Amino acid sequence: MILYTVIIIFLTVIAVVRTVTYVSFCMRASINMHNQMFNRFIKATMFFFNTKSSGDMLNRFSKDIGAVDEYLPYIIFDCLQLVMLLLGIILIIGFVNIYLMAPTFIVVVVFYNIRVFNLPTSRGIKRLEGITRSPVFAHMKETLQGLTTIRAYKVEQILINEFDKHQDLHSSAWDMFICANQAFGFWLDIVSIIYIGIVIFSFFAVENDHYGGIIGLTITQTIRLTAIIQWGVRQLSVLENQMTSVERILEYTHLPQEADFQSSSENTPPKGWPFLGKIEFRNFSLRYSLDSPYVLKNLNIQIQPLEKVGIVGRTGAGKSSIIGAIFRFALNEGSIIIDDIEIHKLGLHDLRSKFSIIPQEPVLFSGTMRTNLDPFDEYSDLVLWNALDEVELKTVVENLPGGLNSRMSAFGSNFSVGQRQLVCLARAIVRNNKIIILDEATANVDPQ
């Protein structure tokens with residue numbers, strides 16, 4: 001009893017230590033993968049966001065990260081445990097009857113070959129399932145964003161049919177993946193039954209003086225062995241299939257990146273720059289990728305301090321591209337000089353923080369009115385209220401339950417589009433930069 005008690009206590013301690021160690025290891029691995037992906041994602045070029053589906057991005061940060069968090073730790077743990085059990089059972093069978101090691105080895109080889117045959121297909125189907133899931137997320141996101149327009153035009157049925165097509169395609173891939181796994185398990189079961197039959201009939205065919213207990217032990221361990229091998233091979237296949245999620249996450253850790261966010265010590269702009277706001281384009285060209293045509297070609301422009309310049313042109317003429325050029329959102333070729341400093345030598349944070357922009361589509365962040373006007377908490381309440389007063393929003397904000405601390409809904413949906421644009425204007429006033437850029441900023445507000 002003392003020996004059994006010591007063994008049980010020892011096993012309990014080992015199990016607790018093993019579990020805690022494994023959980024902390026998996027948690028750190030998942031956090032590191034997520035952070036690496038997010039850090040690369042947040043600094044990716046604008047061309048990436050313009051060419052990639054939002055559904056694909058949501059898919060990687062939801063389903064793929066979920067697989068790494070939930071499924072992979074369990075499957076890896078299961079595989080490690082099954083390998084240990086497998087070695088123990090093979091040793092028992094070999095100890096009882098060494099001749100049974102031959103069919104055991106053959107069965108392992110057959111299982112391995114079935115797995116090699118099945119794996120490329122199941123992995124390809126799993127990858128396909130991940131790809132077909134992205135349009136479902138994208139369609140759902142776009143439907144929620146455009147719900148008022150959809151209802152106004154009474155096109156709900158068209159959107160439902162589109163969603164059904166995306167969902168059917170994904171369900172087909174998922175069903176095919178399940179069927180492939182079931183077929184794989186079916187063939188493993190057939191091989192296992194043949195092996196158990198060989199082991200049982202070998203005791204009838206070969207005369208020996210084994211005790212019934214040893215024969216019973218061999219048969220039970222053989223049945224257990226085939227079950228473990230079959231389940232282990234299936235779990236290994238599931239593990240490799242789920243590793244496609246890791247593969248998809250790692251793809252996002254190699255995204256093309258923007259330039260450095262911080263300026264080098266020798267290129268840090270002086271405090272208070274830009275002092276005047278003079279902007280000069282010299283032999284400037286712009287394109288969005290290395291294999292795309294130039295959008296702007298050989299521009300030479302001078303904008304003097306205190307000058308207000310309007311850029312007029314037809315759709316697609318490149319008006320917004322000039323804004324993108326100043327913010328360095330695309331591939332710039334040539335020079336842009338602001339107050340005698342070439343902007344391409346500066347870090348992106350040092351550059352972009354010196355401009356105020358009111359975009360064509362007003363963007364508000366989830367949070368409070370205060371954090372939307374002053375994200376870095378740099379200005380007093382008086383400055384914020386004065387800015388709201390200038391854009392005639394002071395009364396509206398005062399009537400909100402929390403004033404400046406009132407919560408903003410996602411994308412500022414609890415404000416009208418015109419009010420959102422006025423908030424963006426107030427944000428620009430608060431920053432009080434020398435250079436302000438307006439991209440059709442008065443599209444949703446009255447002339448006054």
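R431 is partly exposed, because its relative accessibility is 25%. In this predicted model, R431 forms a salt bridge with E378. The closest N and O atoms of the two are 3.3 Å apart. R431 lies in helix α13 (residues 417-431), while E378 sits in the loop between α10 and α11, so the pair ties together parts that are 53 residues apart in sequence. E378 is partly exposed as well, because its relative accessible area is 47%.

D381 belongs to helix α11 and R370 to helix α10 (residues 369-373), eleven residues apart. D381 has a relative accessible area of 35%, so it counts as partly exposed.

Helix α11 spans residues 381-390 and includes E390. E390 counts as exposed, because its relative accessibility is 58% and the cut-off for exposed is over 50%. E390 is also part of a surface patch of negative charge. D389, E392, E398 and D446 gather there with E390.

R248 forms a salt bridge with D56, with 3.8 Å between the closest N and O atoms. The pair links distant parts of the chain: R248 is in helix α7 (residues 212-251), D56 is in helix α3 (residues 54-96), and 192 residues separate them. R248 is buried, because its relative accessibility is 6%, and buried means under 20%. D56 has a relative accessible area of 9%, so it is buried too. Side chains of opposite charge can pair when their charged atoms come close.

Helix α1 covers residues 2-42, and T19 lies within it. T19 is partly exposed, because its relative accessibility is 38%. T19 and F77 are 58 residues apart in sequence. In space, their C-alpha atoms are 9.7 Å apart.

Finally, the overall form. The protein has 13 helices and eight strands. Its radius of gyration is 33 Å, whereas a compact globule of 448 residues would have one near 22 Å. Along the principal axes, the C-alpha atoms fill a box of roughly 105 × 55 × 50 Å. Of the 448 residues, 38% count as buried.

Notes. Residues are numbered from 1 along each chain as its sequence is written. This is a predicted model: local features need pLDDT of at least 70, side-chain atom pairs count only at pLDDT 80 or more; totals for chains, interfaces and linings use all residues. Side-chain values use heavy atoms; hydrogens and water are left out. Patches are made of residues with over 30% relative accessible area and no salt bridge: like charges are joined within 9 Å, nonpolar side chains (Val, Leu, Ile, Met, Phe, Trp, Tyr) within 5 Å. Accessible areas come from the Shrake-Rupley method with a 1.4 Å probe; for residues, only the protein chains shown count as cover. A salt bridge is a side-chain nitrogen of Lys or Arg within 4 Å of a carboxyl oxygen of Asp or Glu. Lys and Arg count as positive and Asp and Glu as negative; His and the chain ends are not counted. The place of a charge is taken as NZ of Lys, CZ of Arg, CG of Asp or CD of Glu. Helices (H or I, at least four residues) and strands (E, at least two) are DSSP runs, numbered from the N terminus. Buried means under 20% relative accessible area, exposed over 50%, partly exposed in between (1.4 Å probe, protein chains only). The radius of gyration is taken over C-alpha atoms; the globule rule is 2.2 Å times the number of residues to the power 0.38.
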